[in-house]
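Have the sequence and the model open side by side for this walk through the structure.

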Amino acid sequence: MHMPDWMAQGQPHIWLPYAQMKTATPPLPVVRSHGSRLELADGRSLIDGVASWWTACHGYNHPHIAQAVRAQLDAMPHVMFGGLTHEPALTLARRLAALLGPGLDRVFYTDSGSVAVEVAMKMALQFWLNQGERGRDRFLSFRGGYHGDTFGTMAVCDPEEGMHSLFRGMLIEHDIASLPRSEAELAALEAHLEIHGQRLAGILVEPLVQGAGGMLLHDPEVLRRLRRLADRHGLLLIFDEIFTGFGRTGTMFAFEQAGIRPDILTLSKALTGGTLPLAATVASNRVFDAFWSDDPSHALMHGPTFMGNALACAAANASLDLFETEPRLAQARAVSAALEAGLAPCRGLDWVRDVRVLGAIGIVELDGIADREALKRRLIEAGVWVRPFGNVVYMTPALTIGEDDLASLTRAVADVLGRQRP
């Protein structure tokens, strides 16, 4: 691989994510992006099959978002959100509340998905404390779930299959259950809540898709069951839509497919169209009202330095413009159909356990991957950027990906997986 000077000089000083630095293959040097393409320093062009961890929902370098960020940069890139405010942040909050519909009315900004979930958990805990109810200091989350890499969020991820088992003894122990997909699992969960519900602050789940925990799907009825259980036991229901929000599952938000609403919802990833870091924790008025008080101790004591960053909010407003003016959800449905057709040949492979598609998410689950780096290299040689994890090869392309690029992406994945057992 061609290594430009800036990479050769900087590589000895960088610490990469999710990588054993002693043995990891060097990262690919990207010099520009456009549409669904990544251009490398050596002149190769790769189709990005994961949209930079599913953030670039409109593709890269969309001119409308770029123009909005340039204009905001000229006017005001950032001011602290403590005691000050600005138009992009308040406009975005109003628009998000309108998009999410009645019952999700108050927007708290952060700058990463993990912190958005931390804030949701803090809100839920303090919701009870502000009402004088102590002892509700645990959450119910689910096997196969992933909610972030901070200490608070690691504790509500899958403790066995996740990436955080190393820290198990240092994390708060929450209640981890199976999602109530079956009647037996529902009965087990009901029995657990009858005994332990009084110590819980809330229920936390990724709606429809458990993402980084294994790309596991569940039916909207599961969410309806959780809503009924939360109501029966007086618990707050928190939906983590950091992966699923903004058209990824075929609707603007995954919870819409269940016809129910959470009490708290988290957003990030595609919120700015993949351009700048921004996250939001959106709460119902019921939750917010528990903080509305003359008592200073009832305030939510949280405030990231770059909270409500004006550049990021301008990008997010521009991204919402595109959802209003361009046919993103129709494009998501077209991507879904193409993924179904393009990945169908994988179903006949002996080493493939399952092929599943939901919205603009395509998943090939294997019986194992012996050499993940070798598989990734073969995919790169086939002209696509796809990053397998666990025993899963997944695709989350931009909703705007062209038909030819999408066909090339699925063909490359099917060909590479079909050629030999990974």
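About how many helical turns separate Glu221 and Arg224 in helix α8? The two residues are three places apart in α8, which spans residues 220-232, so the separation is about one turn. The model is a predicted one, and in it the side chains of Glu221 and Arg224 meet in a salt bridge with an N to O distance of 2.8 Å. Both partners are partly exposed: Glu221 has a relative accessibility of 24%, and Arg224 has a relative accessible area of 27%.

Glu221 also forms a salt bridge with Arg228, where the closest N and O atoms are 2.9 Å apart. Arg228 is partly exposed as well, at 42% relative accessible area. These contacts belong to a network of salt bridges that links Glu183, Glu221, Arg224, Arg225 and Arg228.

Another pair in helix α8 is Arg227 and Asp231, four residues apart, or about one turn of the helix. They form a salt bridge, with 2.9 Å between the closest N and O atoms. Arg227 counts as buried because its relative accessibility is 11%, under the 20% cut-off. Asp231, at 49%, is partly exposed. The count of salt bridges in the model comes to 22.

Next come the sheets. Strands of a sheet pair through backbone hydrogen bonds, in either a parallel or an antiparallel sense.

Phe142 has Ala177 in β6 as its bridge partner. Strand β6 covers residues 175-177 and includes Asp175. Is Asp175 buried or exposed? Asp175 is buried, because its relative accessible area is 6%, and the cut-off for buried is under 20%. Apart from neighbours within four places in sequence, Asp175 is in contact with Phe139, Leu140, Ser141, His192, His196, Arg199 and Leu200.

There is also an open sheet of four strands, with the order β1-β2-β3-β15 and mixed pairing. Its edge strands are β1 (30-34) and β15 (384-385), each of which pairs on one side only. β1 and β2 (residues 37-40) pair in the antiparallel sense over four bridges. Within that pairing, Ser33 has Leu38 in β2 as its bridge partner.

The loop between α1 (5-10) and β1 holds Ile14. Ile14 is partly exposed, with a relative accessible area of 44%. Together with Trp15 and Met21, Ile14 forms a nonpolar patch on the surface, and the three have about 370 Å² of accessible area together.

How values were computed
Residues are numbered from 1 along each chain as its sequence is written. This is a predicted model: local features need pLDDT of at least 70, side-chain atom pairs count only at pLDDT 80 or more; totals for chains, interfaces and linings use all residues. Side-chain values use heavy atoms; hydrogens and water are left out. Two strands pair if DSSP finds at least two bridges between them. Buried means under 20% relative accessible area, exposed over 50%, partly exposed in between (1.4 Å probe, protein chains only). Contact means heavy atoms within 4.5 Å. Patches are made of residues with over 30% relative accessible area and no salt bridge: like charges are joined within 9 Å, nonpolar side chains (Val, Leu, Ile, Met, Phe, Trp, Tyr) within 5 Å. Accessible areas come from the Shrake-Rupley method with a 1.4 Å probe; for residues, only the protein chains shown count as cover. A salt bridge is a side-chain nitrogen of Lys or Arg within 4 Å of a carboxyl oxygen of Asp or Glu.
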